[in-house]
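Subject: Structure handover

Dear colleague,

Please find the structure below, with the sequence. My notes come after it.

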Amino acid sequence: MTTKNNFLPPGLVSNLQDVLNKKNKNNNVPVEDVGTNNDDDKKIEDESTSANDEEYDPSKPVIFITNSDGIDSPGLLFLVEAIVNEGLYNVSVCAPQLDKSYSGHSYTHQETIAVTTAEIKGASAYQISGTPVDCVSVALSGALFAWSKPSLVIVGVNKGTSCGHDMFTSSAVAGARQALISGIPSLSFSLDWKKGESEESHFKDAVSVCMPVIKAAIRDVEKGVFPKSSSLHITVPASPAENKGFKLTKQSLWRSKPIWQAIAANRMPPAARFANQHGMGLQLAQLGRDASAAGAARRLGSQKQSLEVVESVGVSGKVEKKTVRYFRLEFQDSNEEDTDENLDFRALQDGFVSVTPISVSTLTEPDIEKAASEWISSAL
């Protein structure tokens, strides 16, 4: 996968062009006279269109794919390859540039996100500096792609499970939930990755396991019989090729335990010490005006490696001392004693592919479970 320097998505270019046409029609100004470099604008539009719209076929269903692990992750690439090879769909991708797991249902608010075209064979693709929820939201906004609405949104295949309470922090589940909120049917897929045991090829095996569900979902979305009130979260066991079949499951109370590890201050890069400090611009301006404040952000000796004392010059010119500690978050699996075989984590432990319906409203849970159960039975 490689990126291109196309900074204006074709959908956005088209929208801007429409605005210019309407505005200048009223003023009797030819569109080609607006702006200072129309040749460059036309070149960007042509390049963007050729990069991302040349394979779009309005007669085929649109499948939109994102994930939480990032645009270069094997789970995403194997999934896109398998769906493209079917030759029956328009495949569009918008995924995070970096791993955004555990970002939950978060938007990038009051910050600018960068959108860059990406090359994935057979698909129209973008990578963005945001979360999976951002990816789904911006794609459905009409700013990126030629289509107005996909038939199905797929998130995955993601590394690691999202069972039980972890569904609330899972950005993979959140991406599928965002599609559901927007009225689009969605599926999310995860692989029960085991550190030291799992291999990259297991993602390809997981895709093979999931393809029957994907094809059945696309078929039934087109027929109007796919459950409209829920998204399905599907987790493949650690050994995909040895799975015992699909099992409709309930969300359990299982959760992974957050562990905050203290990190020695000397292991942190210098830039990290100034991240998220409000008013840093004003402080730097003050330093520029007052040479005597040089070195105002120096580290003092500390007896504890995980502590750091930093001196900084505030806007008022006073030297402020702050103690800084550094931590890194890791997750540890917890033990769950519940023996109900129909719970998500228990089905995985027993070697089944877990299929858990997710709703934006718990008030209709029995109806959602019934609809999902009937669909799974008929589809598979």
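This is a predicted model: local features need pLDDT of at least 70, side-chain atom pairs count only at pLDDT 80 or more; totals for chains, interfaces and linings use all residues.

Residues are numbered from 1 along each chain as its sequence is written, and side-chain values use heavy atoms, with hydrogens and water left out.

Confidence

The protein chain has a mean pLDDT (the predictor's confidence in each residue, from 0 to 100) of 75, and 66% of its residues reach 70 or more. The pLDDT is below 50 over residues 40-51, a stretch with 12 contacts (heavy atoms within 4.5 Å) in the model beyond near neighbours in sequence. It is also below 50 over residues 270-303, where the corresponding number of contacts is 35.

Helices 3 and 6

Helix 3 (residues 74-86) packs against helix 6 (residues 201-223) at an angle of about 45°, and their axes are 9 Å apart. Axes are lines fitted to C-alpha atoms, for helices over the stretch in contact, and angles run from 0 to 180 degrees between N-to-C directions. The two helices are therefore oblique to each other; angles under 35 degrees count as roughly parallel, over 145 as roughly antiparallel, 65 to 115 as roughly perpendicular and the rest as oblique. On the helix 3 side the contact includes Phe78, Leu79 and Ile83, and on the helix 6 side Val207, Met211 and Ile214.

Glutamate 86 of helix 3 and lysine 215 of helix 6 are 129 residues apart in the chain. They form a salt bridge (a side-chain nitrogen of Lys or Arg within 4 Å of a carboxyl oxygen of Asp or Glu), with the closest N and O atoms 4.0 Å apart. The count of salt bridges by this rule is 3.

Helices 4 and 5

Helix 4 (residues 132-140) and helix 5 (residues 171-181) pack with axes 8 Å apart, at an angle of about 25°. That makes helix 4 roughly parallel to helix 5. Helix 4 contributes Pro132, Val133, Val136 and Leu140 to the contact, and helix 5 contributes Ser171, Ala174, Gly175, Gln178 and Ala179.

A cis peptide bond

Most peptide bonds are trans. The bond from glycine 156 to valine 157 is cis, with omega near -5°. Valine 157 lies in strand 6 (residues 152-159).

Regards

Terms used
Helices (H or I, at least four residues) and strands (E, at least two) are DSSP runs, numbered from the N terminus.
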